[in-house]
Structure formats: structure tokens, C-alpha cells
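Here are my notes on the model you sent. They take the ligand site in turn and end with the charged pairs.

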Amino acid sequence: MSLEGQSILVTGASRGIGRAIAQSLAESGALIGVHYCHQLEAARETLNSLPNHQPHFLLQGDLSEPDTCQRLIEHTLEQAGRINALVNNAGIYRPVSFHEPDADRWRSEWQHLFQTNFFSAVDLSYWACQAMRSRSGGGKILHIASRAGFRGEAGYSHYAASKAALINFTRSMAVELAQDNIQTFCIAPGWVETDMAEEGLRAYGERIRTEVPLGRVASPNDVANVARFLLSPESDYLSGVTIDVNGGSYFH
Ligand SMILES: NC(=O)c1ccc[n+]([C@@H]2O[C@H](COP(=O)([O-])OP(=O)(O)OC[C@H]3O[C@@H](n4cnc5c(N)ncnc54)[C@H](OP(=O)(O)O)[C@@H]3O)[C@@H](O)[C@H]2O)c1
């Protein structure tokens with residue numbers, strides 16, 4: 001699955017799933033923009049782990065701030081001259097409860113999480129599409145959603161809703177952007193062994209594993225392997241689809 005000649009921006013590539021995706025795409029020959037927010041050292045580790053036959057580069061940006069997105073795409077174009085694919089992977093996962101007594105906090109949690117997990121993907125997609133149309137004759141956009149986007153999640157209703165929005169957005173994009181030779185995809189992982197899942201797996205790991213027919217939690221590479229397929233020429237007749245990477249734990 002060669003990705004030679006492809007310039008790909010991966011958000012949230014300092015750690016976890018984003019790092020594994022960056023590594024997998026780079027091993028297939030792509031030039032990677034390694035985006036991070038707070039963890040420069042971790043992002044450098046990702047960068048240094050990539051095969052060095054391409055001038056991979058770092059990009060910093062806080063996706064909870066709306067102005068970040070245009071700048072990240074411009075930075076990618078300055079560094080690589082084009083963008084052939086975008087992976088909207090960065091995200092946050094933190095609880096908010098209907099029992100929250102402070103209504104302002106409830107609302108600001110929803111707004112912050114939606115900005116970070118959904119609106120940033122919307123705006124990055126917008127700016128990437130302009131560049132794909134004018135410089136590359138098309139491209140591919142992949143969103144990392146979640147199993148929660150299908151089944152919901154008590155205590156994390158804003159997170160689940162942001163992922164459902166990404167799944168649906170993928171479909172509208174596929175139809176609207178086909179004329180521009182832009183394909184869109186989504187991956188919906190169940191639990192994956194990363195920093196984000198650490199607390200949940202520590203508290204409920206045994207129960208979680210028994211709920212997965214394949215008997216284990218996903219590794220970041222399980223997700224990265226599917227991402228590499230979706231961004232490769234092998235997926236050229238797919239668009240608008242969401243692929244579950246959940247060990248058979250949920251069907252819809
Ligand atoms: N782990 C799971 O069980 C699981 C399951 C389903 C879906 N997912 C989804 O998979 C994606 C990656 O998750 P992960 O488990 O790899 O998470 P992670 O280990 O917590 O890493 C999160 C990544 O997102 C970046 N990030 C966090 N806040 C940001 C912000 N405000 N602006 C820009 N970047 C920000 C982080 O950058 P810094 O390191 O620089 O802060 C980091 O690179 C997320 O969208 C998540 O919702 C994860």
C-alpha cells in the first residue's frame with residue numbers, strides 16, 4: 001500500500017492513535033505533518049521515530065481555538081507544497097453530567113468539547129479541501145470518531161454526540177466532494193490502549209475485555225492499519241464509510 005508522493009497532515013500525532021497512524025503512513029512512504037498541542041517532547045519523539053527519507057515536520061496548534069485550523073493547513077502547504085490527505089484524529093474525552101449543578105459549566109463543557117472534537121475537523125476539512133482542489137486534483141479526508149458515536153455514552157453525552165456528528169459529516173462530505181475527487185472516511189474505534197483510555201481501562205479493564213468477543217482492547221496499530229488502507233489507492237472506490245475497529249463488541 002504505497003503512499004509515496006503523498007503529503008498528509010495527522011492531527012494529534014504526538015501520542016496514541018495519531019502517533020501510530022503517522023508512523024504507519026510514513027512507513028508506506030508518505031510525508032507527514034506531525035501536529036501536536038501541548039506535548040512538544042512527545043511530538044518530537046513521534047517525528048524522530050518516522051523513517052527519515054522524507055522531510056517530515058512538526059506543527060503546533062490548539063484546536064479548541066477556531067483560528068488554528070486555517071493556519072495549520074497554510075503551514076502544511078508552506079512545508080510540503082500540497083496536502084493529499086488529512087487525518088482528523090486529535091480529540092479530548094472528559095465527562096460532563098446532567099447532574100452538573102452549574103448550568104454555565106455544562107454549556108461551556110459542551111462548547112469546548114464540540115470545538116475541539118468536531119468544529120476543528122469541520123474547519124480543517126474546509127481549508128484542506130480548498131488546497132486539495134487547487135493543488136492536488138483531489139484528496140482523502142479521514143476522521144477518527146468512536147463506537148460512542150453509534151451507541152452513545154452515559155456521562156460523556158457531548159463526546160458521543162461529537163463523534164456521531166463526525167460520522168454523519170463524513171457522509172455529507174462524500175456526496176458533496178465526489179465531484180472534486182475528494183473521498184472521506186471515518187473510523188469508529190472501541191477502547192484503544194492510549195493515555196486517553198488509561199483511567200477507564202485501569203478502573204474497568206477486566207469487564208471491558210470480557211465484553212469484546214476478540215478478547216482484547218485495541219492497540220493504536222489496530223486503528224493505524226485501517227487508516228493506512230483507507231488512505232491508500234486500495235480504497236479508491238470507498239467514500240462516506242465508517243469502519244468499526246472494536247473487536248466485534250458492537251454492531252449497528
Ligand atoms: N483511546 C480510545 O479508547 C479511543 C476510542 C475511540 C476513539 N478515540 C479517538 O481517537 C482519537 C485519538 O485518541 P487517543 O486515544 O490517541 O488520545 P490521546 O492519547 O489522549 O492523544 C490525544 C491527542 O490529541 C491532541 N490534543 C488534545 N487536545 C488538543 C487540542 N486542544 N488541540 C489540539 N490537539 C489536541 C494531543 O496533543 P498533545 O499530546 O500535544 O496534547 C494528542 O496528540 C481521539 O479523537 C479519540 O476521541 C480514542
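1. How far is an oxygen atom of the ligand from an N or O atom in the side chain of Ser-14? The model is a predicted one, and in it the separation is 2.6 Å.

2. A polar backbone atom of Ile-17 lies 2.8 Å from an oxygen atom of the ligand. On its own the ligand has 900 Å² of accessible area, of which the protein covers 95%.

3. The biggest contribution is from α7, with three residues.

4. As to the make-up of the shell, the ligand is surrounded by 33 residues. Ser-14, Arg-15, Asn-89, Tyr-159 and Thr-194 are the closest. By class, the shell holds 15 nonpolar residues, 14 polar ones and four charged ones.

5. Arg-15, one of the closest residues to the ligand, also forms a salt bridge with Asp-195. The closest N and O atoms of this pair are 3.0 Å apart. The bridge joins distant parts of the chain: Asp-195 belongs to helix α7, while Arg-15 sits in the loop between β1 (7–10) and α1, and the two are 180 residues apart. The model has 12 salt bridges by the rule applied here, within 4 Å.

Definitions and conventions. Residues are numbered from 1 along each chain as its sequence is written. This is a predicted model: local features need pLDDT of at least 70, side-chain atom pairs count only at pLDDT 80 or more; totals for chains, interfaces and linings use all residues. Side-chain values use heavy atoms; hydrogens and water are left out. A residue is near a molecule or strand if one of its heavy atoms lies within 4 Å of it. A polar contact is a pair of N or O atoms within 3.5 Å; within protein, one must be able to donate a hydrogen and the other to accept it, and residues adjacent in sequence count only if both atoms are side-chain atoms. Accessible areas come from the Shrake-Rupley method with a 1.4 Å probe; for residues, only the protein chains shown count as cover. Helices (H or I, at least four residues) and strands (E, at least two) are DSSP runs, numbered from the N terminus. Ala, Val, Leu, Ile, Met, Phe, Trp, Tyr, Cys and Pro count as nonpolar, Asp, Glu, Lys and Arg as charged, and the others, Gly among them, as polar. A salt bridge is a side-chain nitrogen of Lys or Arg within 4 Å of a carboxyl oxygen of Asp or Glu.
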